[in-house]
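Open the model in your viewer and keep the selection tool at hand. The stops below say what to select next.

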Amino acid sequence: MRCIRIGSGAGYSGDRIEPAVELAERGDLDYMIFECLAERTIALAQRAKASDPASGFDPLLEDRMRAVLPACRRNGIRILTNMGAANPLAAAEKVRDIARSLNLTGMKVAAILGDDVLDRIRADAHIDDTGQPISRFGGRLLSANAYIGARSLVDALAQGADVIITGRAADPALVLAPIIHEFGWAMDDWHRLGRGTLIGHLLECGGQITGGYFADPGYKDVPGLARLGFPIGEVYEDGSAVITKVAGSGGQVTAATCKEQILYEIHDPGSYITPDVIADFSGVQVEALAPDRVRIDGASGRPAPDTLKVSVGYVDSYVGEGQISYAGPGALARARLALDIVAERLELTGVRARDLRYDLIGVNAMHGEGLSALAAEPYEVRARVAGRTDSLKEAMRIANEVESLYTCGPAGGGGATKSAKDIVAVVSTFLPREEVKTSVHLRES
């Protein structure tokens with residue numbers, strides 16, 4: 001059977017760049033994806049775009065493209081990425097300019113538009129989890145972006161695009177699109193689309209599947225994490241695949257790393273809902289063929305849903321935070337006293353907070369007081385106070401009270417930090433898929 005090779009050059013916005021360069025130079029790839037959007041990322045990008053219409057795309061776009069474009073052009077590798085975030089068109093223009101500066105003439109860069117549906121969110125739209133109307137956010141609403149599927153990316157590939165930049169596309173769609181394009185799959189071949197979606201899900205998180213997020217010393221030891229290699233999918237036209245990596249790179253690909261990635265962020269393995277297909281991973285088979293070569297097969301799919309999920313970003317509140325450290329004999333007692341002082345101060349001064357947290361990092365911050373009693377007395381501890389408020393001013397008052405412990409609190413406090421910022425939160429709603437119209441905009445260097 002025919003086979004194509006797809007590499008994952010990034011699993012999140014701030015991911016390492018060197019493994020992508022390694023893939024471009026030594027991965028013998030046909031395609032490389034960069035999956036760089038988290039749920040809140042696009043809301044933050046929309047806010048950046050509102051203040052500067054030329055911004056709103058991934059901050060590492062230029063660094064990544066300058067690093068990989070020469071090798072990708074030389075080796076015939078086509079790139080698909082959601083680094084466009086809130087502004088795919090500006091991102092495409094930037095990549096075209098980078099290609100021109102690198103003398104990579106004739107490179108076609110496509111921007112996929114249409115995921116931004118803020119102006120189409122109906123007044124009667126409701127939050128999926130709570131049923132509350134979206135209108136309750138009023139002027140705090142920042143963004144509304146639908147998760148688009150592979151179809152428009154396939155169209156861009158058919159038009160000869162060398163680089164495709166989207167906004168809020170579903171993560172697996174970045175991989176599914178080149179598979180559909182290369183093998184001529186129909187957009188209603190649900191069985192194959194489910195198989196291709198599994199491959200996209202395996203590759204979307206970069207180094208997680210090559211041992212990065214998997215590693216746990218003494219239980220799951222992984223070699224060479226400082227030079228972790230990112231994954232490659234050898235994809236066959238029937239939808240089966242072999243997951244591997246560049247020979248000699250760090251990390252590992254095993255049946256266990258692949259199984260963990262299959263289960264990652266999956267609510268129901270039998271009904272993994274995407275814009276392209278409802279995938280069924282319940283019958284997946286994982287087989288280790290050789291060191292760093294694992295065969296994946298057995299996924300399937302059912303017809304795609306009638307609606308598309310929309311990620312809605314809004315300013316939820318403000319958070320003020322302060323931290324200070326104590327060390328030496330009695331560190332824990334002094335840190336506890338510090339928290340008691342701040343709690344009393346916030347009450348005395350009338351700070352208005354929705355929620356307050358008082359943490360002793362390293363003692364109770366993760367699991368509460370129940371387990372901390374079992375631990376030995378720490379030699380050092382960091383006290384943290386954080387509160388959620390309705391204004392930046394109130395948030396700053398919380399942070400200031402922690403900093404004042406320098407001279408007004410227990411002995412030996414040091415390394416105090418403070419901050420106050422607004423919190424961008426995300427909720428979900430749905431739109432009928434026919435209301436989300438995508439388009440391909442092609443640029444050439």
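Which side chains meet in a salt bridge at 3.9 Å, N to O? Select Glu62 and Lys94: their side chains form that bridge. Keep in mind throughout that this is a predicted model.

**Stop 1: helix to helix**

Stay on this pair. Glu62 is in helix α3 (residues 61–75), and Lys94 is in helix α4 (residues 88–101). Glu62 has 31% relative accessibility, so it counts as partly exposed. Lys94, at 29%, is also partly exposed.

**Stop 2: Arg227 and Glu22**

Next, select Arg227 and Glu22. They form a salt bridge whose closest N and O atoms are 3.8 Å apart. Where does each partner lie? Arg227 is in the loop between α7 (190–203) and β7 (231–236), while Glu22 is in helix α1 (residues 18–26). The two are 205 residues apart. Is Glu22 buried or exposed? Glu22 is buried, because its relative accessible area is 14% and the cut-off for buried is under 20%. Arg227, at 46%, counts as partly exposed.

**Stop 3: Lys220 and its two partners**

Stay in the loop between α7 and β7 and pick Lys220. Glu260 sits in helix α8 (residues 255–263), 40 residues from Lys220. Both ends are partly exposed: Glu260 has 37% relative accessibility, and Lys220 has 25%.

What sits over its ring? The charged end of Lys220 does, 4.4 Å from the ring centre.

**Stop 4: a salt-bridge network**

Select Arg195, Asp238, Arg295 and Asp297 together. Salt bridges with shared partners join these four into one network.

**Stop 5: the aromatic pairs**

Start with Phe137 and Tyr314. Their ring centres are 3.9 Å apart and their planes meet at 20°, so the pair is stacked. Phe137 lies in the loop between β4 (108–113) and β5 (141–146). Tyr314 belongs to strand β14 (residues 307–327). The pair links distant parts of the chain, 177 residues apart. Both residues are buried.

Move on to Phe183 and Trp185. This aromatic pair is tilted, with 6.3 Å from centre to centre and 40° between the planes. Phe183 and Trp185 are both buried.

**Stop 6: Thr210**

Finish in the loop between α7 and β7, at Thr210. Is Thr210 buried or exposed? Its relative accessibility is 0%, so Thr210 counts as buried. Show what surrounds it. Setting aside neighbours within four places in sequence, the contacts of Thr210 include Val222, Leu228, Gly229, Phe230 and Pro231. Lys245, Gly251, Gln252 and Val253 are also among them.

Zoom in on the side chain. One of its polar atoms lies 3.2 Å from the backbone oxygen of Gly207. Then draw a distance from the C-alpha atom of Thr210 to that of Val286. The line spans 15 Å, between residues 76 apart along the chain.

Key. Residues numbered from 1 in each chain as written. Predicted model: local features only at pLDDT ≥ 70, side-chain atom pairs only at ≥ 80, totals over all residues. Heavy atoms only, no water. Phe/Tyr/Trp six-rings, centres within 6.5 Å; stacked < 30°, edge-to-face > 60°. Helix = DSSP H or I, 4+ residues; strand = E, 2+ residues; numbered from the N terminus. Buried < 20%, exposed > 50% of the residue type's maximum accessible area, 1.4 Å probe, protein only. Lys NZ or Arg CZ within 6 Å of the ring centre and 35° of its normal. Contact = heavy atoms within 4.5 Å. Polar contact = N/O pair within 3.5 Å; in protein donor to acceptor, adjacent residues only side chain to side chain.
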